[in-house]
Structure formats: structure tokens, C-alpha cells
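Open the structure in your viewer and keep the sequence panel beside it. The tour below says what to select at each stop and what is there.

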Amino acid sequence: QFQDDVFGINKKWLEKFSDIYKEKIDLPFYCLLRCDVVTDGLVEKLTDMGCFEVGVGLESGDENLRNNILGKSLPTENIIQAAKILKKGGLSFHTFNMFGLPGETLDSAYKTLDLNIEIAPNVAYTQMFHPYPGTKFFDDDAARAIINPEFDKFKANHNYTDDFQKIQRMQKLSMLTIKHPTIMR
């Protein structure tokens, strides 16, 4: 497993690495990719190296939350295009998604379900957003008194909106809903 968030970004490095990997290791592997680096050529290179599955960070189906709140800089069209390329290249892929983001509404949470349904990953992993100490969100939340810096860092979910309980229930059913979209709404 290559748990490198920037795997595949540096094409020169990947070209050198692929030769060494195939010669010295030559085992099937999994890696993380950003959707905006997925190309036909990259998928061909990865499958030639033995890649059988990739994980991509979708984070939120709401482009505003994904890009302006999380700073992802990833248009929805890039995600849709990446999914098409991965499928065409025969690579299994899964998405990583967050619910309960600051500023998320029930409608924007539905966008995360909708986008996953549209791109049909093999698995859509979901979790509730949680600000950890040392992150911008934790510091901002503490400054705005949304959280107390002494809170239990591993048990608390943070209620950013009036829709929080509904969003939390949605997250719990999201994997089932994405696989069987007829149960939605």
C-alpha cells in the first residue's frame, strides 16, 4: 500500500520508481491518488506496475465545501472524469467522504451521496468530520467557542448546523444508500 497523498503527481519520479518497483518488488499494490492527476497514461502505468485499486479523496459532493472550506481545489468535473478513466482502465477505486463539515446543510450532504452514486465507486468510505488539535479547524473552532480546547478529542462530534443530527444519520446509512440509490429520499 502506498499511503502517499501525492502519489502519481511527479511523473518523472513515477517513471523511475515504476522500473525499480517492477524489477525489485513486483507485487500487486494499492495507492492513493488525487482525481486531478488521473489520466489514461497514469492508469496504464499503474496497472502495468501491478496496481489493482486506488483510493480518492472526494471529501464532499458540494464543490463549495470541498474547495472553499476544505481548500481541496478540485472541481466536480475532475472527479467525474477521473472515475470514468479509472473504470475504463480496469482499476477498482473507492472514495473517502466526510459529513458534518462546517457550513454543511442537509442539501449539501445530499450532494455527497449524489456524486458518489453518479461515479459509482466500488466502496464509498464515509466518516463524520472531526477537528483534531493542531489543525486550522480545531484552532478556529476553539477561538469561536464552538469547542472547548479541553473537550474529549476522540468522542465528540461537533454540531455546526441545525441539520447536524439528520446529517449524522445520513452518514450512518450512506454506504448502503450509495450502493442501492433507490432507497434515497
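## Stop 1

Counted by residue, five of the five in strand 1 are buried. Bear in mind from here on that this is a predicted model.

Strand 1 and strand 2 pair in the parallel sense, over five bridges. Which residue of strand 2 is the bridge partner of Phe 29? It is Cys 51. Further on, Leu 33 stands opposite Val 56 of strand 2.

## Stop 2

## Stop 2

Next, select helix 5, residues 106-119.

Within helix 5, pick Thr 112. Is Thr 112 buried or exposed? Its relative accessibility is 1%, so Thr 112 counts as buried, the cut-off for buried being under 20%. Leaving out residues up to four places away in sequence, Thr 112 touches Ser 60, Gly 61, Asp 62, Asn 97, Phe 99 and Glu 104.

Then pick Asn 116, also in helix 5. Asn 116 has a relative accessible area of 0% and is therefore buried. What lies 2.9 Å from a polar atom of the Asn 116 side chain? Show the backbone oxygen of Thr 112 to find out: that is the atom in question. Beyond its neighbours within four places in sequence, Asn 116 is in contact with Leu 58, Thr 95, Asn 97, Pro 121, Ala 124 and Ile 178. Asn 97 is one of the residues that Asn 116 contacts, and Asn 97 is also among those that Thr 112 touches.

## Stop 3: the whole chain

The chain has seven helices and four strands. Read from the N terminus, the elements run α-β-α-β-α-α-β-α-β-α-α.

Switch to a surface view. The accessible surface of the chain comes to about 10200 Å², and 52% of that belongs to carbon and sulfur atoms. Of the 185 residues, 45% count as buried. Among contacts between residues at least 6 apart in sequence, 70% join residues at least 24 apart.

## Stop 4: colour by confidence

Finally, colour the model by pLDDT. The chain has a mean of 89, and 88% of its residues reach 70 or more. Which element has the lowest mean pLDDT, and which the highest? Helix 6 (residues 136-143) has the lowest, at 63, and helix 4 (residues 76-88) the highest, at 98.

Technical notes
Residues numbered from 1 in each chain as written. Predicted model: local features only at pLDDT ≥ 70, side-chain atom pairs only at ≥ 80, totals over all residues. Heavy atoms only, no water. Helix = DSSP H or I, 4+ residues; strand = E, 2+ residues; numbered from the N terminus. Buried < 20%, exposed > 50% of the residue type's maximum accessible area, 1.4 Å probe, protein only. Polar contact = N/O pair within 3.5 Å; in protein donor to acceptor, adjacent residues only side chain to side chain. Contact = heavy atoms within 4.5 Å. Areas by Shrake-Rupley, 256 points an atom, 1.4 Å probe, with all protein chains shown as cover. Pairing = 2+ DSSP bridges. pLDDT = per-residue confidence, 0-100.
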